[in-house]
Structures are given as C-alpha cells and as structure tokens.
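Trainee: I am new to this structure. Could we go through it step by step?

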Amino acid sequence: MSRVSGTVEGPTDLDRVWGKRPDYYDVFMGDYNDSIGRVDPVLLELCRIRIAQLVESGFDLSLRYVPARTAGLSEDKIGALAEYPESGLFSDRERAVLEYAEQFVIQSSSISDDDVARVRAHLTPEEFVYVTKALGVMDQFARANSAFRVAAGDTAPDRMPAFTVRN
C-alpha cells in the first residue's frame, strides 16, 4: 500500500498513484521509455536496479527489463550487483558505468573530471549523453516510487511495455 491517499482507479499501484496526475504521468513515462531505450539494455538494467537498491524502491526492484534478459543478463549477475567492484561477473565497462551511476545518485555534484574520464573511456560521446539522461529519469522515478512506497504488483504496468515482473 502506498503512502499516497486518495489514489485513482488503476490496474497497478503505480497507475493508482501516478494516475492522480494523468497528463504528467503520460509525459513522464513517455520520456522514461524513450530515454532508457537508447542505452545498451544490460548496462541500463544494471544501473536501474542499482539505483533501486540505493534508494530502496521495492517497486523498481520487482521489475525486469525484457531487452536485458534477451541480451543475456542473468539473475545471478543481478544478485551480485552490490558486489560489482570485486565480482568477476562484471566487465570493466559495467564497473565504470555502475560507479558513475552510484555517484550520480549519491551526490552528482561530486562527480569530477577524472570520474567522467573513467566512464568516458568505455562509452562514445553519444552513449555518455544517453546514459546520463537515462540515469536522470531512472533516479527520479525510483526516488518517487520509494517516497510514495509504490507497491510491487503481479504484472508490469501497461506504461512500461518493455518490463516484466521478476520471477
């Protein structure tokens, strides 16, 4: 049950909470889906789940990005996400981007030129822009879902067509 009172009718808790402002919900989810669709799906999903872990968003932790699964991301690797700096399951590219994602969430103003250079060594300029944009929408979404205590459901919301509920 969410912390939001006076929710609207909807098939999922996310729809009942965010649906209180339907125009905003439509715009935000359109931007969210467009932004995440531009990033390598495995890299994106690792960052999305790490953000959800950091901000304690149960809703976001309950979902899985289907393109990442299709690309071979396993639950074993997701299970090792908190230990990514030491785990042999993660590539140097994934480690660099996950470190950047953590800094983005914890204190983006502390990201230094050296930090950016480390992540840019693994991304094209275009990828860097897309990853940073995706981090912004994923962070905003997960923080709001955490603050509202949006509950996980039995199905993924219709506005998140590329997602499924974690098995």
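Trainee: Is S57 buried or exposed in this model?

Mentor: The model is predicted. S57 has a relative accessible area of 1%. Buried means under 20%, so S57 is buried.

Trainee: Where does S57 lie, and which residue does its side chain join in a polar contact of 2.5 Å?

Mentor: S57 lies in the loop between α3 and α4, the latter being residues 58-61. Leaving out residues up to four places away in sequence, S57 touches A52, A142, N145 and S146. The polar contact of 2.5 Å runs from the side chain of S57 to that of D60.

Trainee: Is Y24 buried, partly exposed or exposed?

Mentor: Y24 is in helix α2. Not counting residues up to four places away in sequence, Y24 touches W18 and Q140. Its relative accessibility is 42%.

Trainee: How far apart in space are Y24 and E45?

Mentor: In sequence, Y24 and E45 are 21 residues apart. From C-alpha to C-alpha, the separation of Y24 and E45 in space is 24 Å.

Trainee: Which element gives the largest share of the largest nonpolar core?

Mentor: That core has 49 residues, and those with the most contacts inside it are W18, Y32, L135, M138, F141 and M160. Two or more residues come from each of α1 (13-18), α2 (22-36), α3 (41-55), β1 (63-65), α7 (92-107), α9 (125-148) and β2 (163-165). The largest share, nine residues, comes from α9.

Trainee: Which residues is M138 in contact with, leaving aside its neighbours within four places in sequence?

Mentor: M138 is among the residues with the most contacts inside the largest nonpolar core. With those neighbours set aside, M138 is in contact with Y32, I36, L44, C47, R48 and I51.

Trainee: How many nonpolar, polar and charged residues are in the contact of α3 with α9?

Mentor: The axes of α3 and α9 come within 9 Å and cross at roughly 35°. The crossing is right-handed. From α3 the contact takes L44, C47, R48, I51 and V55, and from α9 it takes A134, L135, M138, D139, A142, R143 and S146. By class, the contact of α3 with α9 has eight nonpolar, one polar and three charged residues.

Trainee: Is the crossing of α7 and α8 left-handed or right-handed?

Mentor: Helix α8 covers residues 113-120, and α7 packs with α8 at an angle of about 145°, with the axes 8 Å apart. The crossing of α7 and α8 is left-handed.

Trainee: Which residues of α8 make the contact with α7?

Mentor: On the α7 side, the contact is made by A96, V97, E99, Y100 and Q103. By class, the contact of α7 with α8 has four nonpolar, one polar and three charged residues. The residues of α8 in the contact are D115, R118 and V119.

Technical notes:
Residues numbered from 1 in each chain as written. Predicted model: local features only at pLDDT ≥ 70, side-chain atom pairs only at ≥ 80, totals over all residues. Heavy atoms only, no water. Core = buried A, V, L, I, M, F, W, Y, C linked by side-chain atoms within 4.5 Å. Buried < 20%, exposed > 50% of the residue type's maximum accessible area, 1.4 Å probe, protein only. Helix = DSSP H or I, 4+ residues; strand = E, 2+ residues; numbered from the N terminus. Contact = heavy atoms within 4.5 Å. Polar contact = N/O pair within 3.5 Å; in protein donor to acceptor, adjacent residues only side chain to side chain. Axes fitted to C-alpha atoms, helices over the stretch in contact; angles between N-to-C directions. Left-handed = near helix turned anticlockwise from the far one by under 90°. Nonpolar A, V, L, I, M, F, W, Y, C, P; charged D, E, K, R; others polar.
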